[in-house]
Amino acid sequence: MPKDKTVTNAKIIQYMKEEFLTYGFEKASLNRISAKVGITTAGLYKHFKSKEDMFYYLVKDTLDSFHEMVRSGEAQMETDASYNPFDDDWAVFWVEFIYEHYDGLKLLLCCSEGSVYEDFEESLIRHEETEDKRYYEILKASGNKVKEISDMQWHMLATAYTHLVFEIVRHDMKRDEALSHMKFVSDLLYPGWKDIYGIK
């Protein structure tokens, strides 16, 4: 973490974000960052202890928001009988969430190779698959006429949904394009999900 909130520190944050977004974690150069800031690389280490520390600083808020969203969703699934992940509000929610954390998501999805976060999307897919199955069991226990599918099919559905949502970031969609894209994703996948879960 940076030591202070000086002008130099603000410039470091600006240029390290530009560096990671342009070159990715693996090819990012501390020498380039320090040169743009106007300090030595040794001076850079007075603010951040490593390249990994810099990257974490830039994605921390996004990761924290994801974890909070996941905890909230899990709690709602367990306690709210009206919980429905297939209404139009969810598509809008995803777009708003993405644009609120756009740079962090861009770094995690497109620029994290070589870092500890390079499997960020894969970890989300694994979590999505687990939670999809858990929701299935909740609905099955409540009497819904659910449809049996294989573990591979669960994995394919979680992969497809997660990947399609983040196409917004990979292709740098504008907000109106993103809303249209999520409407397409909803129309494409939600009827199948509802059939599996026995939701009318």
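1. A nonpolar core, as the term is used here, is a set of buried Ala, Val, Leu, Ile, Met, Phe, Trp, Tyr and Cys residues joined through side-chain atoms within 4.5 Å. Please keep in mind as you read that this is a predicted model. Its largest nonpolar core has 55 residues, and Met16, Phe20, Phe66, Trp94 and Tyr161 touch the most other members. Two or more residues of this core come from each of α1 (7–27), α2 (30–37), α4, α5, α6 (102–110), α7, α8 (151–170) and α9.

2. Leaving out residues up to four places away in sequence, Phe20 touches Phe25, Ala28, Lys51, Met54, Phe55, Leu58, Leu107 and Cys111. Two of these neighbours also meet in a charge-over-ring arrangement: the charged end of Lys51 sits over the ring of Phe25, 5.1 Å from its centre. Arg32 does likewise with Tyr23, its charged end sitting over that ring at 3.8 Å from the centre.

3. Now to the aromatic pairs, of which the whole structure holds 22. In one of them, the ring centres of Phe86 and Tyr190 are 5.3 Å apart and the planes meet at 75°, so this pair is edge-to-face. Phe86 is in the loop between α4 (51–79) and α5 (88–100) while Tyr190 is in helix α9 (residues 175–197), so the pair ties together parts 104 residues apart in sequence. Phe86 and Tyr190 are both buried.

4. The pair Tyr136 and Tyr197 has another geometry: with centres 6.5 Å apart and planes at 50°, it counts as tilted, because only angles over 60 degrees are called edge-to-face and those under 30 stacked. This pair also links distant parts of the chain, since Tyr136 belongs to helix α7 (residues 120–141) and Tyr197 to helix α9, 61 residues apart. Tyr136, at 5% relative accessibility, counts as buried, and so does Tyr197, at 1%.

5. Which residues make up the aromatic cluster that includes Phe86 and Tyr197? Phe86, Tyr135, Tyr136, Trp154, Tyr161, Tyr190, Trp193 and Tyr197 form it together. Tyr161 is also one of the core residues that touch the most other members.

6. Finally, the largest pocket holds about 680 Å³ of space. Its lining has 29 residues, and those nearest the pocket centre are Tyr83, Trp90, Trp94, Glu128 and Tyr161. Helices α4, α5, α7, α8 and α9 each give at least two residues to this lining, with the largest share, eight residues, coming from α4.

Definitions and conventions. Residues are numbered from 1 along each chain as its sequence is written. This is a predicted model: local features need pLDDT of at least 70, side-chain atom pairs count only at pLDDT 80 or more; totals for chains, interfaces and linings use all residues. Side-chain values use heavy atoms; hydrogens and water are left out. Rings of Phe, Tyr and Trp (its six-membered ring) pair if their centres lie within 6.5 Å; planes under 30 degrees apart count as stacked, over 60 as edge-to-face and the rest as tilted. Helices (H or I, at least four residues) and strands (E, at least two) are DSSP runs, numbered from the N terminus. Buried means under 20% relative accessible area, exposed over 50%, partly exposed in between (1.4 Å probe, protein chains only). A charge sits over a ring if NZ of Lys or CZ of Arg is within 6 Å of the ring centre and within 35 degrees of the ring normal. Contact means heavy atoms within 4.5 Å. On a 1 Å grid over the protein atoms alone, a cavity is a set of points where a 1.4 Å probe fits but cannot get out, and a pocket is an open set with protein on both sides within 12 Å along at least five of seven lines; lining residues have an atom within 4 Å of a point. Grid points are joined across faces, edges and corners, and a volume is the space filled by probe spheres set on the points.
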